[in-house]
Amino acid sequence: MKMTKIAALVAAAAIATPVVAQDLHFPMLNYRTGPFAPGGIPFADGYQDYLTLINERDGGIGGLPIRTTECETAYNTERGVECYESIRGDSPLIVQPLSTGITYQLIPRVTEDGVPLHTMGYGRTSAMEGETFPWVFNYPANYWDGASVAINYLLDQNDDSLEGKKIVLIYHNSAYGREPIPTLQNLSERYGFELVEIPVDSPGQEQSSQWLQIRRERPDYVIMWGWGVMNAVAIQEAANIRFPMENFIGIWWSGSENDVVPVGAGADGYTALTFHGVGTDYPVYDDIQTYVVDRGLAAGNGDQIGSAVYSRGLYAAMLAVEAARTAQELAGHAQITPAEMRAGMEALSISEERLAELGLPNFSAPFDVSCQNHGGSGAAMIQQWDADTQTWSLITDWIDSDRELIGELATADAAAYAAENNITPGCL
Amino acid sequence: MSDNVLFALEAAANGLTVGIMYSLVALGFVLIFKASGIFNFAQGVLALFAALTLVGFQTGQVPFSHLINAIFGTNIHDFGFTMPAVLAIILTVLVMILIAILVERLVLKHLVNQEPIILFMATIGLAYFLEGLGDIMWGAEVKRLDVGIPQGMSPWVDEVTYNLFGYGFYLDELSLWALGIAAVLVTALVIFSQYTKQGRALRAVADDHQAALSVGISLRFIWVLTWSIAGIVALVAGIMWGSKSGVQFSLSLIALKALPVLILGGFTSIPGAIVGGLLIGVGEKLFDFFMQPIIGGATENWFAYMLALVFLLFRPQGLFGERIIERV
């Protein structure tokens, strides 16, 4: 009788007490459909697999499981904003929109809502200025870093002189594609190379005019800022006009298997920037096999593991998890809020030792985030495609970007944004 | 000859070959519009679906493997064999004919006598359905398509033009093949429509539905026939464009390139599709060549539509289209 009463009391208490979700919400704004799906799927799979690994192997972060929700944006800005609106009331700890267009729309919204936004290797470059964009982070590298690293690599290839060289920038004719132009123009004045800018309208299925022009221009190097089908077509056209592939450098969004596999042997030697390691030769992949794939929990079809963009998704998830861990340490409790997550992101420190502990030795350049610098290290490496083995391999060590120049450009851009939006820069 | 003239000639020659690639897409639209008055929004997706199916057969991929693996926890991807290109093309043609039959049975049959806009809406639905089906059936990853058509700079054109002008023109061999294939395709279509019973029936339906029906021609058969031919044309377009960019979902967007071609050439004329493609191809390349130094590049997308707009103002039926006569 006594036991029945106790049980009844416990049951009544359980009913009366509102259930508070004890988990960490990591929403995923993915695009698994539409023309850009070949790029969106591996990123989403990598992101999700890493979070699954953390849940399965470690029981979540700080003892709390990670809850993921997936919203399909189809790489469409309006749908991306709708996705954000659908999750913003559900304590999202970090939003990664995977699109520069969506990013621009979300910056004022997340700032008002107090939701951290991470745009890794895309988005608004000047968001690295943390005092103006306190809720936006774009570590570890941004587009201006990419442009600078590409030029630093070419300087290294040419005994530190690009005087008299001609470099073509072939770019997606969009806000994304135009991002590196001011940096490259600045660098062209500084180093004395001629910059030829050639736009390609989306989607970039037909580029014969552009490559006829490149053939006429006879450039020493071609840098590409492309996305989707534009990349594969450009690499095919470069192969067609017999442009040396080792002199053709893509930004990291032009450096996936999707871009080179359709070209076959013609893509051999093509190079691209990357701000993370390539391949599966990292201990974390053994854990993913054991705790995720072998348990039948792999995202999607499980066939993207180890691809360039899968690795990027995994890296983004790893940085999100590390930021959440840091946030929990700072807050002193596991159930963190978006504001506490933001503080964790701002205090994030990725060291070589920590990367090794995570099973990702030298996968990323070490970096620290601060209130002033939301942009990370800015370092990147060059990867090269081997058409025979169908693999990317790293051909350089980490190359630093010219952060002095980029800092100047970012500060000017951020100041203009602050003036337009009546923002008083400062640390939160 | 000055360098600029040579470069302009090279751009024009490239425009001709690219224009033929546009024509290949436009042909599918014309065939269906001519026979049934339907503007087939799904033509680009048909090209994508055909190319996906072709690569699937060639590589021995298991259809719906992603779905099967997700439901049953299996890990199957392919049959373990590859198929010669010719056999894979034949099988893909059969699949396109099957799609034509299904479209007629499941969609068109139920929409007889409906307004053209209803039929157009139905093809929009069909486009989304086929795109999703292609995704589930063959996966969304980018696929390499190789049926043995060579790509890259044509050494023959390079040598001949070098001997003539002292400057070797660049022309992609794939585009030259497209020229030959388009010629064969148009000839075959002309022979079919002029000299076969089915072809004459098709022309009769195109001329006058009611009259054709009154002499016993089966409209349903003609629809299956037209959609089958359009499916085969879509396969050819899918092969040519897919060889160039890989088979990926943006392949369906090539339909956007066909619209100005149709406006120029006329929606009901096969020669119009060819001439329209050539005009758009040459026009956009020359415009880009001359205007690029002044207004920057990337003019091709809007130039084609601008040219089409001018034609709409002065000759709305296009160069070869049937004159629009409204009797009150």
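Q: What percentage of the 328 residues of chain B count as buried?
A: This is a predicted model, and burial is judged here by counting neighbours, a residue being buried if 20 or more other C-beta atoms lie within 10 Å of its own. Applied to the 328 residues of chain B, that criterion gives a buried share of 48%.

Q: How many helices and how many strands does chain B have?
A: Read from the N terminus on, the elements of chain B run α-α-α-α-α-α-α-α-α-α-α-α-α. Counted by type, chain B therefore has 13 helices and zero strands.

Q: Why is chain B as compact as a globular protein of that length?
A: The globule rule gives 20 Å for 328 residues, and the radius of gyration of chain B is close to that value, so the chain is as compact as a globular protein of that length. The C-alpha atoms fill a box of roughly 65 × 60 × 40 Å along the principal axes. The radius of gyration itself is 21 Å.

Q: How far apart are the end C-alpha atoms of residues 84-104 of chain B?
A: An unreviewed UniProt entry lists several spans of chain B as "transmembrane region", including residues 84-104. In the model, residues 84-104 of chain B are 95% helix and 0% strand. The end C-alpha atoms of this span are 31 Å apart.

Note on methods: Residues numbered from 1 in each chain as written. Chains lettered and ligands numbered in written order. Predicted model: local features only at pLDDT ≥ 70, side-chain atom pairs only at ≥ 80, totals over all residues. UniProt positions renumbered as here; feature names shortened; annotations may be inferred. Helix = DSSP H or I, 4+ residues; strand = E, 2+ residues; numbered from the N terminus. Rg over C-alpha atoms; globule rule 2.2 N^0.38 Å. Buried ≥ 20, exposed ≤ 12 C-beta atoms within 10 Å, placed from the backbone.
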